[in-house]
Amino acid sequence: NIPTVTVVNNNNALNQETLIFKQAYGGKPSKKQGEMWHFSEVNFAAIAESMGALGIRVTKPAELRSALAQATSSARPAVVEVMSDIEALAPHPWEG
């Protein structure tokens, strides 16, 4: 019952690492490379709820602030699951 708040970026993939997979296939995208990082849908908010924590699923950016406020004021463990676009990639910090 430690009131932690965990934020999960859920894009159903490890798509932040696509550069590594492209390099593994010689820079040539293939259908096989997607098998390495695309996952089945998982509802982490529902899993949190099933374990007695607060689970909140955010599907729109405008919902994030209220979800975090609800999670921090709940006085119990909370998971805020943020559904994100599989193609939205953060720039690599070493690429300037």
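Student: What sort of model are we looking at, and how is it numbered?
Tutor: This is a predicted model, in which local features need pLDDT of at least 70 and side-chain atom pairs count only at pLDDT 80 or more, while totals for chains, interfaces and linings use all residues. Residues are numbered from 1 along each chain as its sequence is written, and side-chain values use heavy atoms, with hydrogens and water left out.

Student: Back to Asn10, then. Where is it placed, and which residues does it touch?
Tutor: Asn10 belongs to strand S1. Not counting residues up to four places away in sequence, Asn10 touches Val42, Phe44, Arg57, Glu81, Val82, Met83 and Ser84. Contact here means heavy atoms within 4.5 Å.

Student: How many helices and strands are there in the chain?
Tutor: The chain has four helices and three strands, and along the sequence they follow the pattern β-α-α-α-β-α-β. Both kinds of element are DSSP runs numbered from the N terminus: helices are H or I with at least four residues, and strands are E with at least two.

Student: What order do the strands take in the sheet?
Tutor: The three strands form an open sheet in the order S1-S3-S2, with parallel pairing. S1 (5–10) and S2 stand at the edges with a single partner strand each, so one side of each has no neighbour in the sheet. From one strand to the next, the twist averages 20°. Angles run from 0 to 180 degrees between N-to-C directions, and axes are lines fitted to C-alpha atoms, for helices over the stretch in contact.

Student: What holds strands together in general?
Tutor: Strands of a sheet pair through backbone hydrogen bonds, in either a parallel or an antiparallel sense. Two strands count as paired if DSSP finds at least two bridges between them.

Student: Which side chains meet in a salt bridge?
Tutor: The side chains of Glu81 and Arg57 do, at 3.0 Å from N to O. Glu81 lies in S3 (residues 78–83) and Arg57 in S2 (residues 54–58), so the pair ties together parts that are 24 residues apart in sequence. The structure holds one salt bridge, meaning a side-chain nitrogen of Lys or Arg within 4 Å of a carboxyl oxygen of Asp or Glu.

Student: And Glu81 itself, buried or exposed?
Tutor: Glu81 counts as buried at 0% relative accessibility, whereas Arg57 counts as partly exposed at 32%. As for the strands, five of the six residues of S3 are buried, so S3 is largely enclosed by the rest of the structure. S2 is also largely enclosed, because four of its five residues are buried.

Student: Which residues form the nonpolar patch on the surface?
Tutor: Val5, Val7, Leu64 and Leu68 form the patch, with about 270 Å² of accessible area together. S1 and H4 each supply at least two of its residues. Patches are made of residues with over 30% relative accessible area and no salt bridge; like charges are joined within 9 Å, and nonpolar side chains (Val, Leu, Ile, Met, Phe, Trp, Tyr) within 5 Å.

Student: What is the accessible surface of the chain?
Tutor: The accessible surface comes to about 6800 Å², of which 59% belongs to carbon and sulfur atoms. Such areas come from the Shrake-Rupley method with a 1.4 Å probe, and for residues only the protein chains shown count as cover. Of the 96 residues of the chain, 26% count as buried.

Definitions and conventions:
Buried means under 20% relative accessible area, exposed over 50%, partly exposed in between (1.4 Å probe, protein chains only).
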